[in-house]
Structure formats: C-alpha cells, structure tokens
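Please go through the cavities and aromatic ring pairs of the protein shown here.

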Amino acid sequence: MKAIKKIFDKVRPHFEEGGNCHALHSVYEGIECFLFVPNTTSTTGTHVHDAIDSKRIMSFVVIALMPAMLFGMYNVGYQYYVHVGIEGDFFDKFLYGFLAVLPKIVVTYVVGLGIEFVVAQWKKEEIQEGFLVTGMLIPMIVPVDCPLWIIAIATAFAVIFAKEVFGGTGMNIFNVALVARVFMFFSYPTKMSGDAVWVASKSIFGLGKTVDGMTAATSLGIASTSATPAGCPPFSWDMVTGFIPGSIGETSVIAILIGALILLWTGVASWKTMLSVFLGGALMAWIFNFCGPHTAMAHMPWYEHLVLGGFCFGAVFMATDPVTSARTETGKYIYGFLIGALAIFIRVLNPGFPEGMMFAILFMNIFAPLIDYFVVQHNISRRVKRVTKTTINSDE
Amino acid sequence: MSELFSKKNKDTFSIPLGKNNPITVQVLGICSALAVTAKLAPAIVMGLSVMVIVAFANVIISLMRDTIPTRIRIIVQLVVVATLVTIVSEVLKAFAYDVSVQLSVYVGLIITNCILMGRLEAFAMSNGPWESFWDGLGNGLGYAKILIIVAFVRELFGSGTLLGYNILNYECIKSTGYLNNGLMLMPPMALIIIACIVWYQRSRDKELQENS
C-alpha cells in the first residue's frame, strides 16, 4: 500500500491547478479516492462523523450482490450445459458462465464510468461513486444472450437521461439500472423477452459448442402464454435454488436472500420496504387466486409468484434503493406494499408483460416523493390537532 | 417594395425559426410533434399544413382585426382556423390520400394546436396583414423544422428507412447484429429527442438560459 501511495504523491503535482495534466484531475482524484480515503477535510462548520459514507454504502451493496452474481454465472453455464446436452463438471460450467457474463460487466463499467468521468470533468466536479452499484446491477438483469452493443447503448442512455440530467449521483428520480433495462425492453424486445435469449447458445473459447435456434422459456413466460390455469408450471424447488432460465442474477432466491441479510445486517437497506414488497405481492397474488381471471398467471400460487422472475431481486436490491425510494418511515411501508401489489397486478392482467416488477418499481419511483409529502403533511396536521387540543384543555 | 422586405419583416420571419421557436422555446404544439413524427413523410406534410394554415389564418384575422368585437374574438379566430383546416384536410384527402390516412385525426386537431391561437392572439390581432403573413410563415416553418429533425432521427433508427426508402435494412448491416430501435417508434422517444434539441439550443444560446 505504501508503494502505491508514494506513486500517487509523486504524480499529484501534475494534476493540481497549473500542472501539465490538470485536464485529467478528476480521473486522478477518482482513482485515488477509490483506493484511499479522500485527502481533503472540511474546514468550516460542525460535522457529524460516522464510519459510513456513500462509498462504504456502495461497497456493501456490491458485496451483497456478489452471491447472486456468482450463482448467476454458474447458472448460465449450468443451463447451457443442460440445454445443449453435454457433460461438464462444476468448474467447466462456472468458467463458461464467468466468460459469458464478464464481458457484460466490463462493457457496462467502461461505458458508464466513461460517461461519469467525462461529465465530472465537464462540470468541474469530483467523480462520485454512484455508478459502482448500477454497473453491477445492469449485467444482472439482462438475459445472457443480450448483445453487448445493446447493453452499451442502454447504459449510456440510462446514465445520461436518468442520472446526469437530473444532477448526478443521489439526484435521480428513477432507478438507473431499471431505466437501462426498460430501454432495452422496449427498444429491442426480441433480445429481452421471448424464449430464445435466456440460455446461452454459443461456444466461448472452445468451451461447449454453438447451437442454432435453441429455445428455453422462463416459467413466467410459459405461464403468460398458456390460456388455461392448467398451463401454470408447478412449483418446484429449482425455482427457489435458481436452476431455471432467467436474467443472469435474478434466478436464485437463496443467493438473493444472502444478499438481503448482508444489506439488512449492515443497515444499508430498509427492512420495512423489503417486507412490505413481499406482503403486497403475496396479498395481490392471493386475491387473484380467489377472484382473478381464468388464466394460468392468475391461478399461480402466491408463493410461486414471489420466487419467480425478478420479484425477489427487485424487492431486495432495487425497491430499497435509498435515493429513489420513499424516505419517511411510514412512507416506506406504503411504497413497498404498492410495488409488490402492482408487480403482480401487471403480471396477471397484462399478457404482454409477463414480468411486472420493473414497471412497478419505476412507477412507484415517481410516486415516492408524493407519498413522503402526504406522510409529512399528515404528521403536521396530527401535531397541530394535538397542540390545539392541549391549549383548549389548559384554557378551561 | 423595399418596405415589404424590410429588416423588421425579415426578423419577424426568422426569429421563430431559432431564438423563439414555437416548439423548443415556447413549448407549444408538443402533442402533435410526438404523434406524427414516427415517419418522415407525415411529419413533412404536417409541418407544411400547419405552415399554410398559420400563415393564412394570420392574414385573415389581421385583415379583420379592427372589426372583430373583443368579446367574441376567440370564436371568430376558431371559425377562421376551422375553415382553413377543413380546406387543407380535403386537399390532403384528394391529392395525398395515404399520408392523410397516416395523419388521421391529427390534421383535424390542428385547430387545437396552441401555436395557432398563440400567433393569432399575440401577433395578428395587433399587426398588419403583411407582417402577420411573415410571422405565420416563420412560426409554421419553425414548427416544421423541429418536426422534420425529430422524424428524421426516429424513422432512421426506428425503422431503418427514410421517406420509406431502405437505408439500414440491408443484409450486410443486419448480419453485424444491428437491430432497429423499437423505442424510437414510440412517443416517449420523440419527447426525449425534442428535449435533446432544447438542451443543445439552450447550451449554445446564453439568452435562453434561465438563471435559477
């Protein structure tokens, strides 16, 4: 560590005001800040000191995402080997999945961080850590066969139009990773939905073989296309462990649960939001079981609704995003509950969108400030009432 | 003759093209700009229709402006606009039937286009017919300009064609994995493209920047 610090100290003068590389100073600061604690301290005012800052929070979320990411890589390989019908041991499968997913992560980070660096340089601000989590989330919510250039365009679109135009990290209204996904979903529907994209079909560096026209539908896809309740795929434990086709990081409930525990233990995410998303989803699915339309989606048991698709992933990693979710404590219950309910509502009643979680979260992102407003107003009027009541009592 | 093409009249015509563009600066007529710009041909026809209607409605109202009672001026303006819109709509049906089918209700809805009432109220009611003509022409052209830019981007990247001619749908391009962008064909993307034009224009023109 000392050696690296020395290098940084040595080249610093070049990046300071008047140095010959001043134009790149935000890049220098970004890298230095990433490796070490920032060198600057505030000089005025009173400050509360705490071990946690936004860099720490982001790092915890990235750590919490790791189990789902690693499992996702393994599952990519596993699904490929099963569908192609070749034998392979654990390491073959993991290596295949790793090689299939790694380019997506690299592309997302290069494009996203590139734009962040340019914007920071342009606005003469410091680079902020906001993209660390987004860059990890985007590869986890796309199908494995989604081409890299689509991911690159979607990342650029989301970072510019969902984040930078609103003022950068912490100022965005919508979850940036979900904006990237919704862009891909509407722009290139053939690469984001259907039954041809969920399992890899190409050999990578000689691993496996390339197969043409391979299809594998997700359980939600099967349920949405079947007309009668009998078409609903029966519940299986694979849906919980995650050995099913789906977007890269979202299949395994167990891996996501580990991530959820990390987030809750470190206090990064709110258990109120998380719990109420599941409650809302379960209640809505249960209502549809009783009095829903005569379709497979409506008659899917509530517990199956909760483990399938992006429900868990969205509930744990996206609904709880502290920037875009409701900030009042009561508001978090309302916000989460409506996300869960809306997600199931969209799944069941709109056959065009077998997965409603993305829309539900983006939709509630819009309403989060409104919910906060009413919670605060309610609190004010309650307190005003209490005050007037006590003054009347004391007058008597 | 020199008075007819004076500096003032030229400004009346050219300012709505840029600095006071009805769409990007006054933010009027957005709804039709989102609805008819998925393809280039309807956008051009729509732009031309609005241009003709604004120019002539401006002239007619300007000629009548001293005789219109103030209390019923909106009704008079509407009657004039509605007459012109009906004429344009009939002409389109007669000579460009396919495009008029694509535009469907949006030709009729030119009546409700805020640019029209805005120009009639703000300019034609207080200026002579010749100036009003230039003003109408300029505003119509400013509207058409934005429509054509938006439609160009949307048709090129959304359908891979321009005016119906194939640009990007060749096998050699498709084989690289390129796909047309479906979102371009939806109105939200038109709004984002207009926002980008507004962004570009404001970042270049200091006068348009608001101090917050």
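This is a predicted model: local features need pLDDT of at least 70, side-chain atom pairs count only at pLDDT 80 or more; totals for chains, interfaces and linings use all residues.

Residues are numbered from 1 along each chain as its sequence is written, chains are lettered from A and ligands numbered from 1 in the order in which they are written, and side-chain values use heavy atoms, with hydrogens and water left out.

Q: What is the volume of the largest cavity?
A: A cavity is a set of points, on a 1 Å grid over the protein atoms alone, where a 1.4 Å probe fits but cannot get out. Grid points are joined across faces, edges and corners, and a volume is the space filled by probe spheres set on the points. The whole structure holds 2 cavities of 30 Å³ or more. For the largest cavity the volume is about 100 Å³.

Q: How many residues in the lining of the largest cavity are charged?
A: Lining residues have an atom within 4 Å of a point; here they include Glu116(A), Lys123(A), Glu125(A), Glu126(A) and Glu164(A). Asp, Glu, Lys and Arg count as charged, Ala, Val, Leu, Ile, Met, Phe, Trp, Tyr, Cys and Pro as nonpolar, and the others, Gly among them, as polar. The lining has 3 nonpolar and 4 polar residues, and the number charged is 5.

Q: How many charged residues line the second largest cavity?
A: This cavity contains about 70 Å³ of space. Among its 13 lining residues, Asn75(A), Val76(A), Gln79(A), Trp198(A) and Gly246(A) are the closest to its centre. The lining divides into 7 nonpolar and 6 polar residues, and the charged count is none.

Q: Are the rings of Tyr80(A) and Tyr96(A) stacked or edge-to-face?
A: Rings of Phe, Tyr and Trp (its six-membered ring) pair if their centres lie within 6.5 Å; planes under 30 degrees apart count as stacked, over 60 as edge-to-face and the rest as tilted. With centres 4.2 Å apart and planes at 5°, the pair is stacked.

Q: Is Trp271(A) buried, partly exposed or exposed?
A: Trp271(A) forms an edge-to-face pair with Tyr333(A), at 6.3 Å centre to centre and 80° between the planes. Buried means under 20% relative accessible area, exposed over 50%, partly exposed in between (1.4 Å probe, protein chains only). At 48% relative accessibility, Trp271(A) is partly exposed.

Notes: On a 1 Å grid over the protein atoms alone, a cavity is a set of points where a 1.4 Å probe fits but cannot get out, and a pocket is an open set with protein on both sides within 12 Å along at least five of seven lines; lining residues have an atom within 4 Å of a point.
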